[in-house]
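Trainee: I would like to go through this model and ask where each label comes from.
Mentor: Go ahead, and we will set each value against its rule.

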Amino acid sequence: MADAADRRHMARAIELAWRGLGTTDPNPRVGCVLVRDGAVVGEGWHVRAGGPHAEVEALGRAGAGARGATAYVSLEPCCHHGRTPPCTDALVAAGVARVVYGCDDPNPRVGGGGAARLRAAGIAVEGGVLEGEARSVNQGFIARMARGRPWLRVKVAASLDGRTALADGQSRWITGPAARRDVQRLRARSSAIVTGVGTVLADDPELTVRDEPSGAVRPPVRIVLDSGLRMPATARLLAAPGPVVVLEVAGDATRRAALAAAGADVRRVAAEAGRVAPAALVDVLRDLECNEVLVEAGPAVNGALLAAGLVDEIVTYQAAHVLGHTALPMFTLPPLAAMAARPEFELADARRVGADLRLTYRAKGN
């Protein structure tokens with residue numbers, strides 16, 4: 001049974017796992033700590049997809065010190081061949097005596113097989129230590145593996161009365177510089193950023209990750225929902241680094257060619273009410289192996305995703321001013337027939353960011 005030392009070392013493994021925040025996609029973020037006779041002999045984390053896993057990094061640093069040690073791993077060690085060999089084999093070969101892990105690996109290719117492989121080799125195994133904290137590191141990976149779609153987070157900057165832009169679309173700047181810097185953290189951890197063509201036409205954003213050291217973050221895929229291909233080939237996000245995918249349902253061939261020439265991956269997908277169907281977006285996100293997705297869009301896109309039951313989390317940056325009833329709302333939704341039909345969320349976190357308030361809500365049941 002886990003004791004205080006086990007929890008302390010697992011907390012360190014989880015801390016190390018967070019270091020892979022913007023670089024491991026589509027793999028999970030994992031940290032590992034090796035301890036022998038009460039002393040840490042090696043640490044490691046998964047730095048980027050295709051590179052050594054956390055266990056291999058820690059074993060390399062420990063060398064001969066790994067024999068007889070306890071390995072603390074934030075996620076159940078893998079037992080299958082992917083881009084790299086199984087971590088279970090590396091742990092067995094190194095002679096570790098015990099493995100403690102945070103949460104089960106939801107990948108069907110693992111699914112308890114990692115722990116079983118270690119036990120079969122005579123290694124003592126204990127799972128579920130700081131499980132909640134371990135799962136939080138990989139909520140997107142777990143969601144994709146368990147239900148076949150990523151964790152979808154909607155970011156909204158709003159006034160006290162829940163308005164996101166003036167009636168003519170002006171929205172710069174609703175929140176202050178500290179809140180805008182904080183959004184970069186959300187972008188950095190995301191596999192993809194989704195927006196609508198209306199936002200592109202109104203703001204001409206780049207939707208890139210700023211304020212991060214070069215190479216510290218894998219550029220998220222920018223996905224534009226543009227049913228009629230209204231986005232100009234001169235849009236700033238096409239000139240910014242990182243891939244751009246444009247989803248359309250009835251675009252003109254000439255416009256399609258112009259966007260492709262500017263570097264966009266233009267895909268025709270299924271329509272719903274004349275717009276990109278939410279289910280079609282999910283199919284694309286699945287195809288791209290996205291774990292966490294950030295939506296930075298207007299009320300129409302936000303509302304369509306919410307109505308489709310796809311929103312897992314809403315992060316609202318609330319500014320201390322009022323825009324009035326003619327300004328644009330957070331979500332455009334069809335009228336509700338009854339209060340029981342309303343989408344419900346739970347407040348998960350509230351904190352001040354500069355002059356603004358950041359409120360994080362999670363869909364009930366997540």
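Trainee: How many helices and strands does the chain have?
Mentor: The chain has 12 helices and 18 strands. Keep in mind that this is a predicted model.

Trainee: How do you know whether the radius of gyration agrees with a compact globule?
Mentor: A compact globule of 366 residues would have a radius of gyration near 21 Å, and the chain has 23 Å, so the value agrees. The C-alpha atoms fill a box of roughly 65 × 45 × 40 Å along the principal axes.

Trainee: What share of the 366 residues is buried?
Mentor: Buried residues make up 49% of the chain. The chain exposes about 16,200 Å², and carbon and sulfur atoms supply 53% of that area.

Trainee: What makes leucine 207 count as buried or exposed?
Mentor: Buried means under 20% relative accessible area. Leucine 207 has 4%, and therefore counts as buried. Leucine 207 lies in the loop between helix H8 (197-203) and strand S9 (221-225).

Trainee: And why is alanine 273 put in its class, buried or exposed?
Mentor: Exposed means over 50%. Alanine 273 has a relative accessible area of 80%, so it is exposed. Alanine 273 is in the loop between strand S12 (271-272) and strand S13 (275-276).

Trainee: What is the phi of leucine 207, and what is that of alanine 273?
Mentor: Phi of leucine 207 is near 55°, a positive value in a residue other than glycine. Alanine 273 also has a positive phi, of about 55°, and is not a glycine. Most residues other than glycine have a negative phi. Glutamate 289, which follows helix H11 (278-287), has a positive phi near 55° as well.

Trainee: What makes the bond between aspartate 25 and proline 26 cis?
Mentor: Omega of that peptide bond is about 0°. Most peptide bonds are trans. Proline 26 lies in the loop between H1 and S1.

Trainee: Which are the edge strands of the sheet of 5 strands, and what makes them edges?
Mentor: The order of this open sheet is S2-S1-S3-S4-S5, with mixed pairing. Strand S2 (39-45) and strand S5 (124-126) each pair on one side only, and they are the edge strands. Neighbouring strands of this sheet are turned by 15° against each other on average, direction ignored.

Trainee: How do you know that S4 and S5 pair?
Mentor: Two strands pair if there are at least two bridges between them. Strand S4 (98-103) and S5 are joined by 3 bridges, so they pass, and they run parallel. Valine 99 has valine 125 in S5 as its bridge partner.

Trainee: What packs on this sheet?
Mentor: Helix H2 (54-62) does, touching strand S1 (31-36), S2 and strand S3 (70-75). The direction of H2 makes about 140° with that of S2.

Trainee: Which residues touch the most other members of the largest nonpolar core?
Mentor: Met10, Leu34, Leu59, Leu91, Val96 and Val99 do, in a core of 34 residues. Helix H1 (4-17) is one of the elements that give two or more residues to this core, and H1 gives the most, with 5. Apart from this core lies another of 32 residues, among them Val194, Ala297, Leu306 and Leu310. In soluble globular proteins, nonpolar side chains tend to be buried together.

Trainee: What is the strand order of the sheet of 9 strands?
Mentor: This open sheet has the order S11-S10-S9-S8-S14-S6-S15-S18-S17, with mixed pairing. The twist averages 20° from one strand to the next.

Trainee: How many bridges join S8 to S9?
Mentor: There are 5 bridges between strand S8 (192-196) and S9, and these strands run parallel. At least two are needed, so S8 and S9 pair. Alanine 192 has valine 221 in S9 as its bridge partner.

Trainee: Where does H11 lie, and which of its residues are buried?
Mentor: H11 lies across S8, S9, strand S10 (244-248), S11 and S14, at about 165° to S9. The buried residues of H11 are Pro278, Ala280, Leu281, Val282, Val284 and Leu285.

Note on methods: Residues are numbered from 1 along each chain as its sequence is written. This is a predicted model: local features need pLDDT of at least 70, side-chain atom pairs count only at pLDDT 80 or more; totals for chains, interfaces and linings use all residues. Side-chain values use heavy atoms; hydrogens and water are left out. Helices (H or I, at least four residues) and strands (E, at least two) are DSSP runs, numbered from the N terminus. Axes are lines fitted to C-alpha atoms, for helices over the stretch in contact, and angles run from 0 to 180 degrees between N-to-C directions. Contact means heavy atoms within 4.5 Å. A nonpolar core is a set of buried Ala, Val, Leu, Ile, Met, Phe, Trp, Tyr and Cys residues joined through side-chain atoms within 4.5 Å. Buried means under 20% relative accessible area, exposed over 50%, partly exposed in between (1.4 Å probe, protein chains only). The radius of gyration is taken over C-alpha atoms; the globule rule is 2.2 Å times the number of residues to the power 0.38. Accessible areas come from the Shrake-Rupley method with a 1.4 Å probe; for residues, only the protein chains shown count as cover.
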